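Thanks for asking me to look this one over. Here are my notes on charge pairing and helix packing, with the structure first.

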Amino acid sequence: MRKRDHNVLTNAASLLVCGLLAGVVVAAAAFPAVAMSGLAAKAGAETFGALPSELTVARAPQISYLLASDGKTPLATMYDENRRDVKLADISPYMQKAIIAAEDHDFYKHNGVDINGVARAFVNNQNEGAGRQGASTLTMQYVRLAIAYSATHPADVVAATEDTSARKLREMRLALQVDEEFSKDEILTRYLNLASFGNGAYGIYAASQVYFGKPPSKLKIEEAALLAGMVKAPTTNDPTTKAGFPLALDRRNYVIQNMLDIKAISQQEADAAKAAKLVVKDKRTPNGCVAANLNSWGFFCDYFYRWWMQQETFGSTSYDRERRLKSGGYTIVTSLEVQAQKGADKAVRKAKSENSKEAAMVAVVEPGSGRVRALAVNRQFKLDDPKNPKNKLSSDPAKKRKGIRGNYPATVNPLLTGGDGITGYQAGSTFKMFTIVAALEKGIPLSYTINAPKQFKSEYIIDNSSPAACKGTHFYCPTNSTDSMAGVHTMWGAFGRSVNTYFVPLQQQVGAENVVKAAKRLGINFRAQEDLDLERGAHQWGAFTLGVSQTTPLDLANAYATLAADGKFCEPIPVQEIRDPDGNKLDIANPRCEKRFSTDVARAAVDAARCPVGDRSSSSKCTGATAGNVRRDVGAPVAGKSGTTDSEKTAALVAMTKQYAVAGIMADPDWPQTNVKMKHAERDGINPPVWETLRDAMKNKPKIQFEPPGQKISEGDQRSIPNVKCAPVDTAKSRLRDAGFEPTVSDTKVTSTCPAGTAAGTSPDGRTIKGGVVTIQVSSGGGAPPPGNTTPGNPNQPGTNGRPGAGRPGG
C-alpha cells in the first residue's frame, strides 16, 4: 500500500474514532446515562465534523537584536517575549530526543492524534479518584500554542488554553490537519520555537541562552533533559529557585530515564547524565536601552528607539511600531562605531565626572551618509529610583528649594538629540557659519572685507532696555569679546577670530531671514517656542548669527557634516542595515540624502572653517584661530568653529574631517541660566572632549584633504586699487569710491614722506574685491622722500601705494 493511501486511511480512521469519542464526551457532559449510546456517537461525529479544520499560524513574537556598526558587537536587545526562531539543524539531537521522551514517545508514529492515548485518558478520567490523565501529543500542544499566538482577542487566548473537552476536540481536528501539512521535523521545530521555558525564555534558543549561556546546538544530554522537563510546568520546575531546584532535578532524571527507555541514549550515557551536577546560569536576556551592553551606550540606543518610533514603515501608530520592534525579530546593525563611541565616552568623562551638574555632550556624524557614529555625555543612562534616589538636588535654585532632584548623575532624557522637553542649548559663534553660507550663496566671496568697529549699530530693533541696545536707542548694538578685534577683516579672518561686529553687518546685508533658512537647510531644528516665534519674524533676528537660538549637539554636527559632504544634506540616521527574521534587507535603513548647497559654496564655507581650528588650505587667508590646537592634536586636515554665549553659560566646539563631524556643547541642562562659567580649552572645558573624540575616531583612518574652493567664490571680482598716495584724504576717498570700493579712514597715523594729513597709502593695496573695504592710511609726515618721487599719486594709475604684499587685508 502506498504511504499516501495509508495516511488517508489512517486519518479517516482517526476522524471516525475522534468523532465517536467526541460524541461520548459531549453526551457524558450533558446526559451521563446515554454516554455510551448510538445517539451519542452520531452527535459526536456531527460535532467533530463541524470543527475548524485549518489552523491559521501567525509568527510568534521574536526578540530583536541591536548590533554596533561592525555587525558583531552587541548593543542591546528588545523584546516582548525573549524568543529567536532556529532551524532544526541548529538544535542539538539530544534536545530533539529529550522533548519526545518527555512529552510524546510515539511522535514519529502517530498522525497528530494518539488514538490509543485518547482512549486511555477517557477511560481513566471516568474513574472517580483516579488522577487526571492527558492525551495531548506534541502536535496538539503545538496547535494550542499556535492558536494562542494567532489570537487577535484576549478571549481567544483564554479559549485556546482552558481545560475543556471542546478545546481538546478542536486541537485533535487541527492536529490531524497540521500533521498532514507539515513533516514531523517541521512540527518538532515549530513546537520547540514556541514553547515557554520560564524565566522569560520562550523557545529553545532563549532557553539554552538563559539557563546555560550557549546556543541550542551545544546542549548536552543532561541540559536537554532539564529543558524538556520544564515545558509542562516551567514555574514549578524552575531550577533557579530554592523550591523548584529539587523538582527540576527529579524531572530531569525522569526525562533521562525516558530517553533510555525509548532507546534515544545508551545506559552508559544515561548514568553519566544523571550523575552530572545540575548547574544553571539564570541569566535573563537584557531588555531595552537601560540594559544596553554598556550603560553609556544607552543614550545612543535611546536615540535609535525614538527614531524607530517615528518611522511609519513599522506601523501607523506608536503602539504598532513598538510591537514591531519588540516582537518582529529584527537584526539591526546600528550606525554606532565602537571606536568613535568609546573615544567619546572616555573624553566626556575625562572632562567632567558623572556627578558634575555641567553636561559635556558630544555627537559624531558621518558626512555624506548622516549616520550617527557616537553620542556621549557624562551621565548614567538609567532612571533614578524614586524610593531610593541617588541624583543630586537640581542646580536650579527654585527647584532645589522645593527638594526637586536634578538629572545627574542618572537620566534617560535625550540630552544630545532633543525631544521630551529638551529643546537644546545655545551654541554661540558656531552659528556664524550659517551667515557665511548665506553670504556665499548671495555671491559674496570669502575675501569680502568689512571694517568691523568695536561696537556695531545695526538696523535690528530690540527692547531699548536690553543691555545689547545702543544707549538711548532701540537698536541692537553688538560688541566683540575684546576691543582689539576691531578692524578690517575678510570672512577667513573674521571667522578665525570670531569677530561679532563683522558677522552682524554681514547678516544684515544678506538678510537674517536668509541666514535662518540656510541654518534650517543644513539641519538645524527649532524646538523652543521662543525660537519658533523669532523665526516667524526672522528678518529682525539680529543676534541669530551669534548663536542665541537653541540647538543640540546632533543637529550641530549634522549641519557641519553637510558642508564637509560638499553640500549634500543627509537626515541623521542611527542604522546601517535592518533585516527581518527571514533575512530580508529593509530599505528603511538606507541614507536619506539630497543636494542642498552647491559644491562651491560648501567648499568655500569649509575653507573659512579651517581658520578657527588652526588649519588652512593653499587659498586660505587666515589671521587668527580660537581653537588653534585642533589641527595639530587631531593630526589630520580639519575644519570647525568654537562658540560661547553671554556670561559663558554654554561653550561649544565643532571639529570635523572628511569622515567625521564632531560637535560638543557644555551646558547645565537643569538650569540654563547657570552661574557656572563653561570653559573651552581648559582640561575641564568642551574643547578637549571634541578634539579627543575626533582624534580617536580617526585612528587608522586615511587623512583626506578638503578640496579648496574655486577662485571666484574665494577671491571674487578682484579690482586694482587706485594710487592715492599723498592725495588729500577726501580726494582719496572719492577716487576709491569711484573705483567701486568702500573707503574708510584709519584712526592711527603713520610716518610717511607725504605731507601730514594726506593719504600715506591704503590697506590693502594693489588689488582687492570689488565693493571691499579699503582703509586709507593717514600720513603724519616726517619721512625722507625717495629720490625722484615727490608728486601725488596719479588717480588713473593703479599701483602698490608704496607697499608690497598686495591683496592681504590688514587688521
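1. A salt bridge here is a side-chain nitrogen of Lys or Arg within 4 Å of a carboxyl oxygen of Asp or Glu. By that rule, the structure holds 40 salt bridges. This is a predicted model, where local features need pLDDT of at least 70, side-chain atom pairs count only at pLDDT 80 or more, and totals for chains, interfaces and linings use all residues. Residues are numbered from 1 along each chain as its sequence is written, and side-chain values use heavy atoms, leaving out hydrogens and water.

2. Have a look at Glu81 and Arg83, whose side chains form a salt bridge at 2.8 Å, N to O. Both residues are buried (under 20% relative accessible area, with exposed being over 50% and partly exposed in between; 1.4 Å probe, protein chains only).

3. Asp615 pairs with Arg610, their closest N and O atoms lying 3.1 Å apart. Asp615 is buried at 9% relative accessible area, and Arg610 is buried at 2%.

4. In helix 13 (residues 298-308), Asp302 and Arg306 are four residues apart, so about one helical turn separates them. Their side chains meet in a salt bridge of 2.7 Å, N to O. Asp302 is buried at 10%, whereas Arg306 is partly exposed at 23%. Helices are DSSP runs (H or I, at least four residues), numbered from the N terminus.

Definitions and conventions
Helices (H or I, at least four residues) and strands (E, at least two) are DSSP runs, numbered from the N terminus.
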